[in-house]
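Student: I would like to learn how to read some features of a protein model. Could we go through them one at a time?

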Amino acid sequence: MNELLIIAAPDVAAKRHEWLQSLAGERRLSDNTLQAYERDTRQFLTFLTRHLGEPPKLEDIHTLRPADLRAFLAARRREGSGARSLGRHLAGLRSFLRYLERKGLVNAAAAGAIRAPRQPKSLPKPLTDNQALTLVTKDAQLQEEPWIAARDAAVLSLLYGCGLRISEALGLTPADIPAGTKTLRITGKGGKVRIVPLLPVIAEAVATYRKLCPYDIEENDLLFRGARGGPLQPAIIQREMQKLRGALGLPETATPHALRHSFATHLLAGGGDLRTIQELLGHASLSTTQIYTGVDSARLLEVYDRAHPRA
């Protein structure tokens, strides 16, 4: 990092160098984060030099007002920075100012008074119908132990076929899925209870797992077990999904939670209405569910661009 490029008084430049060294050593931030913080603070000090008419000293940093920081963010926005970049600019500045505050050199209240720009919601990335259907089959699982392969298939089937969160699937007990049941009663976030249809193919996947599982599981015990008989941890399913991505050539976005996204997106594409999908997902607000309309629209436009002769 070339300090000759920094437009700042020597006291600020020295403390900034110390801060960057502490980030690299004590906090062990990634190289990308360090480079971003170095660049963001360099841009800020360059802005302050123009803003104040001279290279900023620690005294100037101490007397910064929220308006000064807002002016910097406004200048970056005019130069093309989006909401995510502006949020990172602010995070870097807050880190630097709080470091100086811990040293007793400045007051970082100005940075705390600024709200980060609202971040745009990124669209969920569902799998295609064929990818999802392949993933949830017992034959696709990579575990050699038959009961573990059946377990993984049952869990993934619940995520895709019922739209469950992984914590909800792993929280099920045998009492929650009695023989012959056609619905599941799920307690989701905030204690919100919902009823979800249980398709026969999913019930069959769960029954196959229960038949092959070598452990005796009481009605009110957790249904899904690890290899040694303890409760199955989400990280195990996430690791298995990672292996499946490599084996099946799926994108990095193919995660257990992507199966829940796929459940909602495929229902919407098949004619399901938002209010019903909201209930099935257990969303408290319809606005949360509406994000899937963006996913479906994006997919339609992608197909249009690829297939229409005038596109």
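Student: Where do lysine 243 and glutamate 240 sit relative to each other in helix 11?

Tutor: An α-helix has 3.6 residues a turn, so residues three or four places apart point the same way. Here lysine 243 and glutamate 240 lie three residues apart in helix 11 (residues 234–248), which puts about one helical turn between them. Helices (H or I, at least four residues) and strands (E, at least two) are DSSP runs, numbered from the N terminus. This is a predicted model, in which local features need pLDDT of at least 70 and side-chain atom pairs count only at pLDDT 80 or more, while totals for chains, interfaces and linings use all residues. Residues are numbered from 1 along each chain as its sequence is written, and side-chain values use heavy atoms, with hydrogens and water left out.

Student: What do lysine 243 and glutamate 240 form, and how far apart are their closest N and O atoms?

Tutor: They form a salt bridge, with 3.3 Å between the closest N and O atoms. A salt bridge is a side-chain nitrogen of Lys or Arg within 4 Å of a carboxyl oxygen of Asp or Glu. The count by this rule is 15. As for accessibility, buried means under 20% relative accessible area, exposed over 50%, and partly exposed in between (1.4 Å probe, protein chains only). Lysine 243 is partly exposed at 47%, and glutamate 240 is buried at 8%.

Student: Which residue does arginine 245 meet in a salt bridge?

Tutor: Its partner is glutamate 252, at 3.6 Å from N to O. Arginine 245 is buried, with a relative accessible area of 11%, whereas glutamate 252 is exposed at 64%.

Student: Which elements do the buried residues of helix 2 pack against?

Tutor: Those residues, among them Leu34, Tyr37, Phe44 and Leu48, pack against helix 1 (10–25), helix 3 (58–62), helix 4 (66–78) and helix 5 (83–102). Contact means heavy atoms within 4.5 Å.

Student: How many residues are in the largest nonpolar core?

Tutor: In soluble globular proteins, nonpolar side chains tend to be buried together. A nonpolar core is a set of buried Ala, Val, Leu, Ile, Met, Phe, Trp, Tyr and Cys residues joined through side-chain atoms within 4.5 Å. The largest one here has 45 residues, and those with the most contacts inside it are Leu158, Leu164, Tyr209, Phe224 and Leu259. Helix 8 gives the most to this core, with 10 residues. Beyond its neighbours within four places in sequence, leucine 259 contacts residues including Leu127, Leu156 and Met241. A second, separate core of 30 residues includes Leu34, Leu45, Leu48 and Leu86.

Student: At what angle do helix 4 and helix 5 pack?

Tutor: Axes are lines fitted to C-alpha atoms, for helices over the stretch in contact, and angles run from 0 to 180 degrees between N-to-C directions. Helix 4 and helix 5 pack at about 145°, with their axes 10 Å apart. Leu69, Phe72, Leu73, Arg76 and Arg77 of helix 4 make the contact with Leu86, His89 and Leu93 of helix 5.
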